[in-house]
Amino acid sequence: MSEKRTHQRSAIELAASYGIPNEPDINREAKIRNISAGGFSFISQEKLKTGKEIQLAIDLEQGQPLSIPVRVVWCSKNEESNDYSIGVQIVESQGSDTEKFIEFYTKISASPACPPKADEAAGHALFYNVP
């Protein structure tokens with residue numbers, strides 16, 4: 001896989017969920033492993049096709065849920081854990097949730113301390129219902 005990232009990634013552990021428009025199983029759990037100002041990498045039990053657009057829901061801080069539209073750019077199977085690592089790119093760079101996320105990312109990437117773990121950042125699973 002060639003390196004095409006334009007933003008530095010920061011390791012983090014956040015619980016999240018995602019929804020796929022027009023599919024009946026609307027709540028799928030995910031575990032975010034790293035973030036950047038342009039996208040995420042997360043773990044899921046489900047394989048997603050490159051190009052698929054989904055809504056990723058994250059609870060970053062004290063009950064402020066964010067819903068971020070993203071597009072799958074890569075997906076690879078983790079043979080040892082029998083799940084999938086998925087890389088996504090943020091689709092919309094405008095919007096209050098995306099702007100709040102970028103502000104969060106800027107804050108943690110500038111900090112010399114380790115990024116917060118899911119329980120420290122109130123990153124409990126948040127289920128997003130896609131209309």
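The following dialogue goes through a predicted model, from its overall fold to single residues.

Colleague: How many helices and strands does the protein have, and what pattern do they follow along the sequence?

Modeller: The protein has one helix and six strands. Read along the sequence, the pattern is β-β-β-β-β-β-α.

Colleague: How should I read the way in which strands are joined into a sheet?

Modeller: The general idea is that strands of a sheet pair through backbone hydrogen bonds, either parallel or antiparallel. In this structure the six strands form a closed barrel with antiparallel pairing, in the order β1-β2-β3-β6-β5-β4. Neighbouring strands of this sheet are turned by 45 degrees against each other on average, direction ignored.

Colleague: Where does helix α1 pack, and which strands does it touch?

Modeller: Helix α1, residues 96-110, packs on the sheet. It touches β1 (10-19), β2, β3, β5 (65-78) and β6 (83-90). The direction of α1 makes about 65 degrees with that of β5.

Colleague: How many bridges join β1 to β2, and how many pair β2 with β3?

Modeller: Seven bridges join β1 to β2, and these strands run antiparallel. Strand β2 (residues 28-35) and strand β3 (residues 39-44) pair in the antiparallel sense over four bridges.

Colleague: What can be said of the pairing of β5 with β4 and with β6?

Modeller: β4 is joined to β5 by seven bridges, and the two run antiparallel. One of the pairs is aspartate 59 with its bridge partner proline 65 in β5. β5 and β6 are also antiparallel, over eight bridges. There, serine 76 stands opposite serine 85 in β6.

Colleague: How should I read a nonpolar core, and which residues touch the most other members of the largest one?

Modeller: In soluble globular proteins, nonpolar side chains tend to be buried together. In this model the largest nonpolar core has 28 residues, of which Ile32, Ile35, Phe40, Phe42 and Phe101 touch the most other members. At least two residues of this core come from each of β1, β2, β3, β4 (53-59), β5, β6 and α1. Two of the bridge pairs already described belong to this group: isoleucine 35 with phenylalanine 40, and isoleucine 32 with phenylalanine 42.

Colleague: Is alanine 16 buried or exposed?

Modeller: Residues under 20% relative accessible area count as buried. Alanine 16 has 1% relative accessibility, and therefore counts as buried. This residue is found in strand β1. Alanine 16 and glutamate 29 are 13 residues apart in sequence, while their C-alpha atoms are 6.1 Å apart in space.

Colleague: How should I read a backbone phi angle, and what is the case of asparagine 82?

Modeller: Most residues other than glycine have a negative phi, and most peptide bonds are trans. Asparagine 82 has a positive phi, near 60 degrees. It lies in the loop between β5 and β6, in a hairpin with four residues between the strands. At 47% relative accessibility, asparagine 82 counts as partly exposed.

Colleague: What do the totals say about burial, contacts and surface?

Modeller: Of the 131 residues, 40% count as buried. Among contacts between residues at least 6 apart in sequence, 58% join residues at least 24 apart. The accessible surface comes to about 7,600 Å², and 49% of it belongs to carbon and sulfur atoms.

Definitions and conventions
Residues are numbered from 1 along each chain as its sequence is written. This is a predicted model: local features need pLDDT of at least 70, side-chain atom pairs count only at pLDDT 80 or more; totals for chains, interfaces and linings use all residues. Side-chain values use heavy atoms; hydrogens and water are left out. Two strands pair if DSSP finds at least two bridges between them. Axes are lines fitted to C-alpha atoms, for helices over the stretch in contact, and angles run from 0 to 180 degrees between N-to-C directions. Contact means heavy atoms within 4.5 Å. Buried means under 20% relative accessible area, exposed over 50%, partly exposed in between (1.4 Å probe, protein chains only). Accessible areas come from the Shrake-Rupley method with a 1.4 Å probe; for residues, only the protein chains shown count as cover. A nonpolar core is a set of buried Ala, Val, Leu, Ile, Met, Phe, Trp, Tyr and Cys residues joined through side-chain atoms within 4.5 Å.
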